[in-house]
Amino acid sequence: MSDPTPFSLEGRVAVVTGALGLLGRQHCRALRDAGATVIAADLDHDACERFAADAGLAAGQGVDITRRTAVERLSDSALARFDRIDVLVNNAAVNDKFESPAASAELSRFENYPLELWQRALDVNVTGTFLCCQVIGAHMARRRQGSIINIASTYGVVAPDQSIYRRPDGTQSFYKSAAYPATKGAVLALTRFAAAYWGSQGVRVNAISPGGVEAGQEGHFVETYSRRTPLGRMAKPDEIAGALVFLASDASSYVTGANLLVDGGFTAW
Ligand SMILES: NC(=O)c1ccc[n+]([C@@H]2O[C@H](COP(=O)([O-])OP(=O)(O)OC[C@H]3O[C@@H](n4cnc5c(N)ncnc54)[C@H](O)[C@@H]3O)[C@@H](O)[C@H]2O)c1
C-alpha cells in the first residue's frame, strides 16, 4: 500500500445513525479515534448533543430516519457545518422488545407476530437505511467519493436457531421474529444494489454483519449462544470497531458490495 496510514480517517466527516445505542456509541468512538469528524445522529436531539459533548465528537443531531425530510435536515446541517460527508454508518434499527416478558413467547411466535411490528421493522431497518443511502449517498456520488457502511446481522445470512432462546427448563423465552432476519436480508441486498449502482462514481457501499453482542443477557442464553459459536463467546461491544474503521477508510479502497461477518464464526458452521 502506498498510503502509510491507510486506516486513518483524518479530515473525513462521518455520520452515524442509531448513535445512542449499544453499538452506535462504539462506532462513534472508533471513528473519532481514527481521526474522523463524527456526527452522532439518533431520535433524541438533546441526548445526541449531550453524547457528542461527552464523547468529544464534532456534533449530535436528532433524526428519525424513516422521514425523508428529517434525513435531509441531518444531511443539510452536516454539510452546512462541515462541508462534506465522507462516511455514512447506517446503524439505526429496531429489534423486538416485548412489554411483558410473560407474554413475549406467545406474541413473538411467527403465527401471532403483530403486523405493526413487522411494518415498523421494515420502516426503520429497510426504509430508513434506504433514505439515508439515497440522500447522503447522492451527495457522495456528486463528490465522487464516499464510503457507506450498512449494519446488517448474521440473521440476514442464516436463520435464527430458536433453540438458543429456550430456557434450561425447556420453555421458550421468546422467538426471534421473521421481521428482523427479513429486514437484515433486505439491507444486504440494498448494499449490493447501491455498491453496483454507485461503483463508477467512487462511492463504496459495504455491510457489516455482527453476531450477538453480550449486553447483560441471562446467563443460560450467553452460555448457549457461546457454545454455538466457534470462538466460544459472544462479541464485546467494541469488537465491531476494527471492521468499521477498515471499511470507512482507504484501507478498503478496493472493497465494495461486501458483507463483512464479525460473528466469532457463528455462520461458519
Ligand atoms: N446488539 C447486537 O447483538 C447486534 C447483533 C447484530 C446486529 N446488530 C445491529 O447493530 C445495530 C445496532 O444495534 P444495537 O444493539 O446497538 O441496537 P440499540 O437498540 O442499542 O440501538 C439502536 C439505536 O437506533 C435508534 N433508532 C431506532 N429507530 C430510529 C429511527 N427511526 N431513527 C433514528 N434512530 C433510530 C435507537 O434510538 C437506538 O439508539 C443494529 O442495526 C442492529 O440490528 C446488533
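The questions below concern ring pairs and charges over rings.

Guide: This is a predicted model, in which local features need pLDDT of at least 70, side-chain atom pairs count only at pLDDT 80 or more, and totals for chains, interfaces and linings use all residues. Residues are numbered from 1 along each chain as its sequence is written, and side-chain values use heavy atoms, with hydrogens and water left out.

Visitor: How many aromatic pairs does the structure hold?

Guide: Rings of Phe, Tyr and Trp (its six-membered ring) pair if their centres lie within 6.5 Å; planes under 30 degrees apart count as stacked, over 60 as edge-to-face and the rest as tilted. By that rule, the number of aromatic pairs in the structure is eight.

Visitor: What class of pair do Tyr155 and Phe266 form?

Guide: The ring centres of Tyr155 and Phe266 are 6.4 Å apart. Their planes make an angle of 75 degrees, and the pair is edge-to-face.

Visitor: Is Phe266 buried or exposed?

Guide: Buried means under 20% relative accessible area, exposed over 50%, and partly exposed in between (1.4 Å probe, protein chains only). Phe266 has a relative accessible area of 1%, so Phe266 is buried.

Visitor: Which residue has its charge over the face of Phe266?

Guide: A charge sits over a ring if NZ of Lys or CZ of Arg is within 6 Å of the ring centre and within 35 degrees of the ring normal. At 4.4 Å from the ring centre of Phe266 lies Arg228.
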